[in-house]
Amino acid sequence: MGWGELYGTLTGYQGAAAIMAADRSGLIAALAGDGGSLDELAARTGASARGVDALVRALVAMGIVESIGSAYRLGPTGAPLAATGPDGLDRLIRKEAVFYALWARLDGAVRTGDALLAPFAERARTEPAAAEAFLLALNDLAGRVAPDLVPAARLEGARSLVDVGGGGGAYALAFSGADPGLDVTIVEQPSVVPLTERALAAAGAAGTRIRVVAGDATRRGLGLDERFDAALVSHLLHDMDPEAARAAVRGAASVLGPGGVLLVHDVFREQGDTDPVVALFDVMMLVENQGGRTHSLADLRGWLVEAGMGEPEVHSLGFTTLLRVEAAG
Ligand SMILES: C[S@@+](CC[C@H](N)C(=O)[O-])C[C@H]1O[C@@H](n2cnc3c(N)ncnc32)[C@H](O)[C@@H]1O
């Protein structure tokens with residue numbers, strides 16, 4: 001990396017800040033569809049003419065906004081910023097805006113080793129709307145991965161699936177959509193259960209065989225008295241310290257019968273050695289979750305063996321990895 005690239009990294013925050021400001025000021029919404037002139041955009045958002053002029057011209061230079069005569073609107077690259085769902089980024093702008101403010105205090109987390117956010121179960125109680133928005137943003141990310149994850153999971157023979165720490169339910173919905181006869185149980189922390197139920201209802205889960213129950217991933221049996229043909233543990237382990245993650249692998253394995261399939265989906269340390277985006281994910285976990293981190297595949301393999309599982313198949317899904325492993329028959 002030369003001086004110029006290094007300086008570009010140092011100033012990289014400006015592009016993200018411009019998008020977040022455009023969202024918060026209402027400019028993204030005003031630029032969607034036919035957009036308008038700078039004067040119209042200022043009138044529609046109530047923002048200053050000077051501010052709109054600077055920000056919109058910056059968004060043009062960034063390739064996000066296009067100008068046609070005196071009118072400005074989101075171009076094809078920028079259109080996802082105004083859209084919701086797996087092809088949209090609007091909920092993800094707001095998710096990242098929360099972290100943007102926290103990363104400005106990253107040195108504090110580095111000094112202490114402590115997360116800068118309260119545990120998610122507490123946030124679900126004290127700020128449920130923000131916690132639900134977070135789960136919906138995760139659903140949008142999951143919606144992009146699910147089309148690759150579901151076929152790699154090969155759950156054809158399974159009649160029941162437990163989605164441990166299922167969050168907003170996007171993976172439960174994807175598996176249910178692929179096999180409407182599959183009984184899917186989402187296990188969530190008690191304070192999160194109502195948020196999961198609302199997210200599922202918003203995603204149109206009525207009529208599916210998906211249910212949500214309170215439990216604890218780190219307990220044997222997950223706190224339930226049931227067995228399942230398959231268990232999914234997606235993006236849960238990175239929220240946990242190694243002991244809790246190990247217990248969660250044991251917990252998920254403990255609800256499987258002989259031949260049951262355990263699916264572990266996450267970001268793992270080995271990938272981060274060469275990919276800065278993945279390596280920075282570990283920093284994100286430092287900021288977000290007390291004890292959270294990217295675990296190593298070697299640790300995970302050890303926890304799987306301890307839990308009585310065999311050798312996993314490893315599927316790279318780009319940013320994330322899916323491990324599929326069967327319980328001894
Ligand atoms: C990062 S989210 C992942 C959501 C979803 N599985 C996905 O892949 O997008 C982690 C979820 O795990 C849940 N969780 C954390 N600790 C848990 C525990 N001990 N038992 C059950 N769920 C837990 C959280 O409430 C949260 O919804």
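Predicted model: local features only at pLDDT ≥ 70, side-chain atom pairs only at ≥ 80, totals over all residues.
**Stop 1: the ligand shell**

**Stop 2**

Show the side chain of Glu188. One of its N or O atoms sits 2.5 Å from an oxygen atom of the ligand. Next, pick Ser234. Here a side-chain N or O atom is 2.6 Å from a ligand oxygen atom. Then go to Asp216, where a polar side-chain atom lies 3.0 Å from a nitrogen atom of the ligand. The ligand taken alone exposes 600 Å², and the protein buries 92% of that.

**Stop 2: the sheet**

Hide the side chains and select the strands. An open sheet of 7 strands runs in the order S5-S4-S3-S6-S7-S9-S8, with mixed pairing. Look at the edges: S5 (210–214) and S8 (313–316) each have a single partner strand, so one side of each is left without a neighbour in the sheet. From one strand to the next, the twist averages 20°.

Zoom in on S5 and its partner S4 (residues 183–188). The two pair in the parallel sense, over 5 bridges. Select Thr185 and look across to S5: Arg211 stands opposite.

**Stop 3: helices across the sheet**

Select H12, residues 242–254. This helix lies across S3 (160–164), S6 (228–234) and S7 (256–266). Its angle to S7 is about 145°.

Finish with H15, residues 297–306. Helix H15 lies across S7, S8 and S9 (321–326). Against S9, helix H15 runs at about 20°.

Terms used
Residues numbered from 1 in each chain as written. Heavy atoms only, no water. Pairing = 2+ DSSP bridges. Helix = DSSP H or I, 4+ residues; strand = E, 2+ residues; numbered from the N terminus. Axes fitted to C-alpha atoms, helices over the stretch in contact; angles between N-to-C directions. Contact = heavy atoms within 4.5 Å. Polar contact = N/O pair within 3.5 Å; in protein donor to acceptor, adjacent residues only side chain to side chain. Areas by Shrake-Rupley, 256 points an atom, 1.4 Å probe, with all protein chains shown as cover.
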